[in-house]
Amino acid sequence: MHKKTGTILAAATAAALTGGLLVAAAGPVAAAPGTDGDFDGDGHDDLVVGAPGEDLDGIKDAGMVSVIHGFEGGLSETGTQALEQGTPGVPGNSEENDGFGGEVLLSDVTGDGRADLTVGVPWENSANGYAVVFESDGSRIGTAGRGIGLTDAGLSSEGYPLFGFHVNG
Ligand SMILES: [Ca+2]
Ligand SMILES: [Ca+2]
Ligand SMILES: [Ca+2]
Ligand SMILES: [Ca+2]
């Protein structure tokens with residue numbers, strides 16, 4: 001009986017050790033690409049900042065988003081992208097009080113190891129709200145966004161839903 005228990009314990013310990021080794025081996029791989037926040041795959045987290053109250057060509061509070069590359073020394077202005085609904089490829093139009101960029105999220109929705117960008121436009125169409133997903137092309141965030149609206153999400157427009165006010169993933 002004792003021997004059997006010992007065997008089980010030994011097996012459990014071996015499993016734990018193996019698990020530990022596997023975790024240790026996977027650790028650097030998971031950490032190196034910066035995973036969630038790295039859209040260009042250089043191993044450094046990149047940054048996305050929303051400015052939902054930005055006025056664009058006299059359009060009050062249309063909103064825009066800045067996409068900033070991270071590098072070894074921090075953040076770089078080089079290659080910074082500006083996205084708004086007037087940018088070619090971005091669905092919709094810049095309109096007053098859209099609040100494009102009211103929420104931003106970098107997450108790898110395509111599963112290719114490069115972070116993609118989701119932008120919330122919570123006041124789009126009289127506060128119905130809207131979200132746009134921009135996929136990383138491997139080195140930058142592509143401007144051909146895919147819009148997600150209330151209908152796509154199966155929601156009604158009753159009572160100012162503010163779709164896109166909060167985004168997580
Ligand atoms: Ca990066
Ligand atoms: Ca403003
Ligand atoms: Ca709009
Ligand atoms: Ca991706």
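Visitor: What share of the 169 residues in the protein chain is buried?

Guide: A residue is buried if 20 or more other C-beta atoms lie within 10 Å of its own, exposed if 12 or fewer, and partly exposed in between, with C-beta atoms placed from the backbone. In the protein chain, 33% of the 169 residues are buried. This is a predicted model, in which local features need pLDDT of at least 70 and side-chain atom pairs count only at pLDDT 80 or more, while totals for chains, interfaces and linings use all residues. Residues are numbered from 1 along each chain as its sequence is written, and chains are lettered from A and ligands numbered from 1 in the order in which they are written.

Visitor: What is the mean pLDDT of the protein chain?

Guide: The pLDDT is the predictor's confidence in each residue, from 0 to 100. Its mean over the protein chain is 85, and 79% of the residues reach 70 or more. Residues 1-34 have a pLDDT below 50, and this stretch has nine contacts in the model beyond near neighbours in sequence. Two residues are in contact if their C-beta atoms, placed from the backbone, lie within 7 Å. Where pLDDT is low, the predicted coordinates should not be read in detail.

Visitor: How many helices and strands does the protein chain have?

Guide: Helices (H or I, at least four residues) and strands (E, at least two) are DSSP runs, numbered from the N terminus. The protein chain has three helices and seven strands. From the N terminus on, their order is α-β-β-β-β-β-α-β-β-α.

Visitor: In which order do the strands of the three-stranded sheet stand?

Guide: Two strands pair if DSSP finds at least two bridges between them. The open sheet of three strands has the order S1-S2-S3, and its pairing is antiparallel. Strand S1 (47-51) and S3 are the edge strands, each pairing on one side only. On average, neighbouring strands of this sheet are turned by 25° against each other, direction ignored. Such angles run from 0 to 180 degrees between N-to-C directions, and the axes are lines fitted to C-alpha atoms, for helices over the stretch in contact.

Visitor: Which residues face each other across these strands?

Guide: Take S1 and S2 to begin with: five bridges join them, and they run antiparallel. Val49 has Ser66 in S2 as its bridge partner, and Leu47 stands opposite Ile68 in S2. Strand S2 (residues 64-71) also pairs with strand S3 (residues 74-83), in the antiparallel sense over six bridges. Here Val65 stands opposite Leu83 in S3, and Gly70 has Leu75 in S3 as its bridge partner. A hairpin of two residues joins S2 to S3.

Visitor: Which strands form the other open sheet, and in what order?

Guide: Four strands form this open sheet in the order S4-S5-S6-S7, with antiparallel pairing. Strand S4 (103-107) and strand S7 (146-148) each have a single partner strand, so one side of each is left without a neighbour in the sheet. The twist averages 20° from one strand to the next. Within the sheet, strand S5 (residues 116-120) and strand S6 (residues 131-134) pair in the antiparallel sense over four bridges. The bridge partner of Gly120 in S6 is Ala131.

Visitor: Which residues have the most contacts inside the largest nonpolar core?

Guide: In soluble globular proteins, nonpolar side chains tend to be buried together. A nonpolar core is a set of buried Ala, Val, Leu, Ile, Met, Phe, Trp, Tyr and Cys residues joined through C-beta atoms within 7 Å. The largest one here has 24 residues, and those with the most contacts inside it are Val65, Leu117, Val119 and Val132. The elements S1, S2, S4, S5 and S6 each give two or more residues to this core. Leaving out residues up to four places away in sequence, Val65 touches Val48, Val49, Gly50, Leu83, Phe100, Gly101, Val104 and Val119.

Visitor: What share of the contacts with a separation of 6 or more joins residues 24 or more positions apart?

Guide: In the protein chain that share is 51%.

Visitor: Why does His166 count as exposed?

Guide: His166 counts as exposed because it has 11 C-beta neighbours inside 10 Å. His166 is found in the segment after helix H3 (150-153). Its C-alpha atom is separated by 8.1 Å from that of Gly102, 64 residues apart along the chain.
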